[in-house]
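Reader: I want to learn how to read aromatic pairs and helix packing. Please take me through a case.

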Amino acid sequence: MSSFLQNRWIDGFVIFSLLAVLASVVGALWKLLKPLIPARTPKRSEVLFELQHELKTNPSILRATELLAGRVPHSTIESILRTFGEPLSATELSLRQDLAHLFGLLQRVAFAVNVSKLISREEAECFSWYFREVQKHPILSDYFYSSGFLDLWDFAQSWAEKFETEI
């Protein structure tokens, strides 16, 4: 009986060894062939179109844009982003989510320009109004700091500085 178990153990070891060799061969082939496979990266025009389309058609972003521009009666960014005091109403909570959605989209623009370099600063000029509007509300600096939108704030600051030097 012991020779039977010993043979099974040897068979298992052989199978394991063959699988290990096969895995290393597949890994080596993948390493060699990976540079030959073109990576699918979005084109500039696709990214710009997607971002502009979302800014113009997404109802959540449209509501946030109205709020950012000060065209929502009885609502201010300061009251919606407050972290203490009276609880927010359902409308204010919804507007806060809309703002977060808009800021997420603007963060993507800032990332595409500053980090991935997919879009040039000149191509992002069509978004400059949004970044200048963000800079008009100093309360947003604290909100961005606590929410992780620091790149967006820095990018918006650079637009504000550029706009001031052009005037």
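Reader: How many aromatic pairs are there by the rule?

Author: A pair of aromatic rings is described by the distance of the centres and the angle of the planes. Rings of Phe, Tyr and Trp (its six-membered ring) pair if their centres lie within 6.5 Å; planes under 30 degrees apart are stacked, over 60 edge-to-face, the rest tilted. Here the count is 9 aromatic pairs. The model is predicted: local features need pLDDT of at least 70, side-chain atom pairs pLDDT 80 or more, while totals for chains, interfaces and linings use all residues. Side-chain values use heavy atoms, without hydrogens and water, and residues are numbered from 1 along each chain as its sequence is written.

Reader: What kind of pair do F131 and F155 form?

Author: Edge-to-face, at 4.8 Å centre to centre and 85° between the planes. F131 sits in helix 6 (residues 128–135) and F155 in helix 8 (residues 150–166), so the pair ties together parts 24 residues apart in sequence. Helices are DSSP runs (H or I, at least four residues), numbered from the N terminus.

Reader: Is F131 buried or exposed?

Author: Buried means under 20% relative accessible area, exposed over 50%, partly exposed in between (1.4 Å probe, protein chains only). F131 is buried at 0%. F155 is buried too, at 1%.

Reader: Which residues form one aromatic cluster?

Author: F103, Y143, F144, F149 and W153.

Reader: Which residues make the contact between helix 5 and helix 7?

Author: Helix 5 (residues 90–114) and helix 7 (residues 139–147) pack at about 75°. Contact means heavy atoms within 4.5 Å. R96, A100 and F103 of helix 5 meet L140, Y143 and F144 of helix 7.

Note on methods:
Axes are lines fitted to C-alpha atoms, for helices over the stretch in contact, and angles run from 0 to 180 degrees between N-to-C directions. Helices (H or I, at least four residues) and strands (E, at least two) are DSSP runs, numbered from the N terminus.
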